[in-house]
Amino acid sequence: MNSIIEINDLDLFYGEFHALKHVNMEIPEKAITAFIGPSGCGKSTLLRTFNRMNDMIAGTRIEGKVEIAGTDIYSNEVDVETLRKRVGMVFQQPNPFPKSIYDNIAYGPRLHGITDRKKLDEIVETSLRSAALWGEVKDHLKRSAFSISGGQQQRLCIARALAVEPDILLMDEATSALDPISTLKIEELAQELKDRYTIVMVTHNMHQAARVSQQTVFFLNGEVVEYSETEQLFSNPTDQRTEDYISGRFG
Amino acid sequence: MSQSLDRQKAKPHLAEEWVGKIYTFLCILFLITTIFSIVYFVASKGLSTFIVNHVNVIDLLTGLKWLPDGEPALFGALPFIFGSFSTSILAACLAAPLGFCAAVFMVEISPKFGRKYLQPVIELLAGIPSVVYGFVGLSVIVPFFRDVFPGQGIGIAAGALVLSIMILPTITTIATDALAALPKGLKEGSYALGSTRWQTIYRIVLPTTLPALMTGIVLGIARAFGEALAVQMVIGNAPHIPRSLFESASTLTSAITLSMGNTAMGSLANNALWSLALILMLMTFVFVFIVRFLEGRSKL
């Protein structure tokens, strides 16, 4: 498998706090990679370096290299907005905008200059179909995005991210605020999307990682302890700490 | 069960309960009585112009001449109404963009510096007495306008400018609170789609906080509408509708404060002033209702 994200010797500091320590990793293209580990271990922090969302936190300092498709995304030549267009993100809490379902999806394309009504209609439909939401909302696209359920809102947020045609989709504990049935739907959706997108998901739930991902990365205290193919990591971990964690001895 | 559930033992608490209830009830009764008395008093005085003195309501609202001592006496309040509305709305137009941008700076761009230094400074503006504003307006703004624009410098423009500074704290504080209360996820969601800071402010922050911003603006207009002293000092107080922003004009409040000492209680001229006060009061009620309406809408 080709790797799309390459991380070389990455260190990240929040002020004095050393949040990520010497991270080296490759993330394969068109597959699902899951980040697991206890709270505060740095998995969300690493995820947020891929679309530079950490830039917004004052006092963040980065050393080392993160390359996406061969480009060092922390070099001065990189345009953050273009990067974020290519690396979409779905958050822990569904965060639809206080606008209609249609306008939520069309928000990204409009930002990037698409105004043609027909083209927007088309994008809205394909994005909602990709997020397996079209059938449920196609008759009331003009309704507020708050009128649908939490699980539907999260799929709306996925559709919204897909509407700007990213290569990579980051999911930051995207199912942790949802009920089991909505969670299952999103997991199925991720399975379908992985043929077209590279998906990186942070999850608190080891079973979720085991169910949906092809590669799993285990984090502990800002370090990557182990990463390998999911089956390998869960059945035959090489590091004692990984084994302790997946067998439920801590975390 | 060592504690007794006897009625006797509980009595002191019962008494406390009743004393508290009666005391708070008396306080609220006093407040309500006061408010109703004021409204009744102003209304009865203000309406007697029409009922006792048979002045036509329409004439008062649309008449252009205010001659309480004339033969016949004329009570056209339109110049005052026009003055009040034009100064306060113009003031809001000046203060709203300033207040919103200041709030954006304090919340979005430089929260540390903004919260620690700018917010207290802006709130300090609210504590300056209106006579000081008027005095500064009279000695700085009026001469400046006199030099730069044709006319005496006094008028709607000077009044609106002084008022805009007076209502700036109201608008800024409400806008700051609204921006700070915006869920963090909304902005992150917008940034994550590749929007710039300004696109996020323009497309997400502004539309979402608009009802709250409008509340601030309406409260600002209400304050400007009722302000008397500062406006009176810089507006010129000529009882007619000016043809330019730099020509002497009057507001409802300035008309009342200027003439109230010169009329005898119960006379027609005095009653007419009460009618102006009634208009002021009713307008304030309208503003309060608008604010209530907007607040209801701002809940998502």
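This is a predicted model: local features need pLDDT of at least 70, side-chain atom pairs count only at pLDDT 80 or more; totals for chains, interfaces and linings use all residues.
**Reading the A–B interface**

User: Which elements of chain A supply the side that touches chain B?

Analyst: Four of them give at least two residues each: α2 (80–86), β6 (87–90), α3 (101–111) and α6 (150–162). The largest share, four residues, belongs to α3(A). By residue type, that side of chain A splits into twelve nonpolar, seven charged and four polar.

User: What about salt bridges across the interface?

Analyst: The rule picks up one between chain A and chain B. Arg48(A) pairs with Glu188(B), and their closest N and O atoms sit 3.1 Å apart.

User: And how do I read the area buried between chain A and chain B?

Analyst: That comes to about 1,600 Å², with carbon and sulfur atoms giving 66%. On chain A's part, Pro98(A), Tyr107(A) and Leu111(A) supply 31% of the area buried against chain B, more than any other three residues. As for the residues in contact, chain A puts in 23 and chain B 17.

User: How many disulfides does the structure hold?

Analyst: First the general idea: a disulfide covalently joins the sulfur atoms of two cysteines. Here the tally over all chains is zero.

User: Are cysteines such as Cys157(A) buried or exposed?

Analyst: Under 20% relative accessible area means buried, so Cys157(A), at 3%, counts as buried. Cys27(B) comes out at 37%, which means it counts as partly exposed.

Methods. Residues are numbered from 1 along each chain as its sequence is written. Chains are lettered from A and ligands numbered from 1 in the order in which they are written. Side-chain values use heavy atoms; hydrogens and water are left out. A disulfide is a pair of cysteine sulfur atoms within 2.5 Å. Buried means under 20% relative accessible area, exposed over 50%, partly exposed in between (1.4 Å probe, protein chains only). Contact means heavy atoms within 4.5 Å. Buried area is the accessible area (1.4 Å probe) that two parts lose on being put together, summed over both. A salt bridge is a side-chain nitrogen of Lys or Arg within 4 Å of a carboxyl oxygen of Asp or Glu. Ala, Val, Leu, Ile, Met, Phe, Trp, Tyr, Cys and Pro count as nonpolar, Asp, Glu, Lys and Arg as charged, and the others, Gly among them, as polar.
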